[in-house]
Amino acid sequence: MRKELMIPVCLLLVTCTITPSFAQLPAGWTSAGIGNPAVVGSAQYDKATDTWTIRGDGTGIRGSADQFHYVYKTLTGDGELATRVVSLDPLLADWSMAGVMIRVLLIPGSPSIFMGISANTAGQGHAITMWGREAMNGAADHESTGDVMPPYWVKVKRAGDTFAGSSSTNGRDWTERYSTSAPGMPQTIYIGYAVSSEVSGKLLTAVFDNGPMTATEPQPADGIKDALAPVLRWTPGATATAHDIYVGATAELGSADYRGQLPGAVPMYFYAPGWTPGATYYWRIDEIGADGKTIYRGDLWSFTAQALTAYLPEPADGATDASTTPTLLWQPGQIATKHHLFFGADREAVTQGAPGMDRGEFVATTFAPVSLESMTTYYWRVDEILSDGSIRTGQVWSFMTCLPVDDFESYTDDEGSRIYETWIDGWTNNTGSTVGYPKAPFAEQTIVHSGRQSLLLDYNNVKSPWYSETERKWKTAQDWTLQGANTLVLYIRGAAGNTPAPFHVAVEDKAGHIGIVSHPDPTLVTAKQWTQWKIPLADFTSAGVDVAAVRKLYLGMGSRSKPAAGGAGRIYIDDIRVIKWMLY
C-alpha cells in the first residue's frame, strides 16, 4: 500500500517522558518504555549470536497513543533495520506483538511505522502486521495478513521522504507491505525494536536475531533424488566467518569425510571427484562463529546423484523384510521416457529378460505385483527407454519377502472382524489396555507406518495390575523359522504426552512357555515418529519358547514380572513380521 502524507512536527512543543532500563547493550542503543508501561521492560544483547532478547509490557500501538517497550538508536538520513522475529512468549493476547519501528519522537502520540509479527491467537489473519501513525496523536493505520508463526523476517526502511515496511520468509526475498511519503520529516529520527504485550502489567518476551547460526537452505535440497552438478551451496549462519565442510557416503560423518574449510564469504563447495551416479551422499556444514572459535554444528543433509539407468529401488536391493504385497518403486534414469520391467523368482531369467519375466512397459515408476510368497527371494530389473527408442539396460535387484504376522489391513468395522476381537485387551484380560476406538472406524487409519491401518493401543498403568497388554491367539501354531527366519520386527510410534514406560513383547508357544523381551529405552513411547524394533528370535528361545510353534503374541506397557504404578498414554503398532536378518 502506498500513501502520500504530510506530518508537521514542531519539536519545540514536544515533551517526552521515557522510562529507561539499563543493560549491556551495544554502543548507541537505548532500552526504554514508551508511554510509561506498568511494568518496566528490559533488553539483553548476545554479541556471539547477534541476538536480542527483549521483554516488554504495554497496552499496544494500535490507538492514538502508544505504550510499549522500545530498544532504539538514532537514524540520520537513509537507513533500514531488518531482523528475524524468532519467538514470542507467552502469547498473552491476540495482538501481542514484536517487530521493528521507525518513529519521530519518544512520546506516545509520535508519528511512526511498525512492521512486526503478532500472536494472532484468534486466527484472524493478522500475523504479519504493519501499523503506522500519519499525524501527531492521530489514529494508527494498519495493513495485516497471514497466519504465520515465528520465526519470520520483518524490515522498516527510510529512503529520503519514503518510509516502508516489508516482510520475508528467508531474509532475502522481501514483500513490501506498506509505503508512505512524508515530506518535511526531521533528518534525525529513531529506529529500533518494539515489543508490546497488549496486557497491562504483563511482560512479553521477544527474541530477535539475524538468522540462524547454523548453515541452512542446502542445495542440492535435502533428500533430493536427482542431483546433477557436483556443487554444494548453502545459506551461511548469521555470524559465520568460515565453513567446515563434510561430505561422505554414510550418515556417520567423521574426520575422514572432512573436505576442508572455506572463508565465510564463500558458501559453495565444488566436489572435484564428481558424484557417482545413483549413489547417496551425506553432507554437513559446521559454521565458525564471529570469534573464530565457536563451532555451530550443522544439520545432516543428504541427496542422491541422478543415474543414466533406473536407480534407488524400493524395496532396497538386498532387503530381507519386504512385504508380500509390495509396491515396487524406482527413480528414473536421466531423460528416460518409459520403463521396461522384468520381475520374478528366477534370477537368471530376469537377467536374460525371458518372456516369462516380462511385465511390460510403463510410464509411471511403480509396479504392484500380485501377492507374493513369504520368505521368498524375488529379482527385478528396469530397462530405461529413451525418446529415440534406445534402451539402457538396468541392474538386477533382489529382495526377500517377510513372513507376515499382522499388518492390520484385514480388519473391518463389521462384527466378527473388528480389530479388538482379534487383539484382546483389558476388557477381557483385565489389564489396563484398550485396543482401537470406541466407535467405527475401530482401527487407526491416519497414523500408519504403511498401508491403510495400524493398531491403536491405549495403556493405563495407574491402577492394578499396573501393566497393560493386548494379545493375539492363533488357532494353529505358527512356524516362525521358515526359510531361516530369525528375527521378529515391528514398528512402534508414541506421543509426546505419554508417560515413559517399558514396552515389551511376549511370545507363547503351544506348550505354554512364555518369553518376554522389553525395549531398552522407556522413552520409546514418547517418540512421535515410527521406530523399528528388531528382536532376535533367540531372545525367546533362550526362555524355552519353541518359535516353530507360536500360539500367542503379547504387546504391552509396563512390567509383567515387577508391576508398579505408572502412567497412561497411547501408542501405535504396525507391520509385525518375521524376517531373515544378518544378526552378526
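**Pockets, cores and a sheet**

The largest pocket has a volume of about 670 Å³. The model is predicted, so local features need pLDDT of at least 70 and side-chain atom pairs count only at pLDDT 80 or more, while totals for chains, interfaces and linings use all residues. Residues are numbered from 1 along each chain as its sequence is written, and side-chain values use heavy atoms, with hydrogens and water left out.

**Largest pocket**

- A pocket is an open set of points on a 1 Å grid over the protein atoms alone, where a 1.4 Å probe fits, with protein on both sides within 12 Å along at least five of seven lines; lining residues have an atom within 4 Å of a point.
- A volume is the space filled by probe spheres set on the points, which are joined across faces, edges and corners.
- The lining comprises 33 residues, and S323, T324, S450, D575 and R577 are the closest to the centre of the pocket.
- Two or more lining residues come from each of β27 (319–322), β35, β38 (468–478) and β44, with the largest share, four residues, from β35.
- Strands here are DSSP runs (E, at least two residues), numbered from the N terminus.
- The lining has 15 nonpolar, nine polar and nine charged residues; Ala, Val, Leu, Ile, Met, Phe, Trp, Tyr, Cys and Pro count as nonpolar, Asp, Glu, Lys and Arg as charged, and the others, Gly among them, as polar.

**Second largest pocket**

- The second largest pocket holds about 250 Å³ of space.
- Its lining has 18 residues, with W153, N170, G211, P212 and T235 nearest its centre.
- β12 (152–159) and β17 (216–219) are the elements that give two or more residues to this lining.
- By class, this lining has six nonpolar, nine polar and three charged residues.

**Nonpolar cores**

- A nonpolar core is a set of buried Ala, Val, Leu, Ile, Met, Phe, Trp, Tyr and Cys residues joined through side-chain atoms within 4.5 Å, where buried means under 20% relative accessible area with a 1.4 Å probe, protein chains only.
- In the largest core, of 41 residues, W480 and F503 touch the most other members.
- Elements that give two or more residues to this core include β35 (403–406), β43 (550–557) and β44 (568–579).
- Another core, of 35 residues, lies apart from it and has L25, I54, V195 and A206 among its members.

**A three-stranded sheet**

- An open sheet has the strand order β26-β28-β31, with antiparallel pairing; strands pair if DSSP finds at least two bridges between them.
- The edge strands, β26 (311–314) and β31 (366–367), each pair on one side only.
- Two bridges join β26 to β28 (residues 328–331), and E314 stands opposite L329 in β28.

Terms used: Buried means under 20% relative accessible area, exposed over 50%, partly exposed in between (1.4 Å probe, protein chains only).
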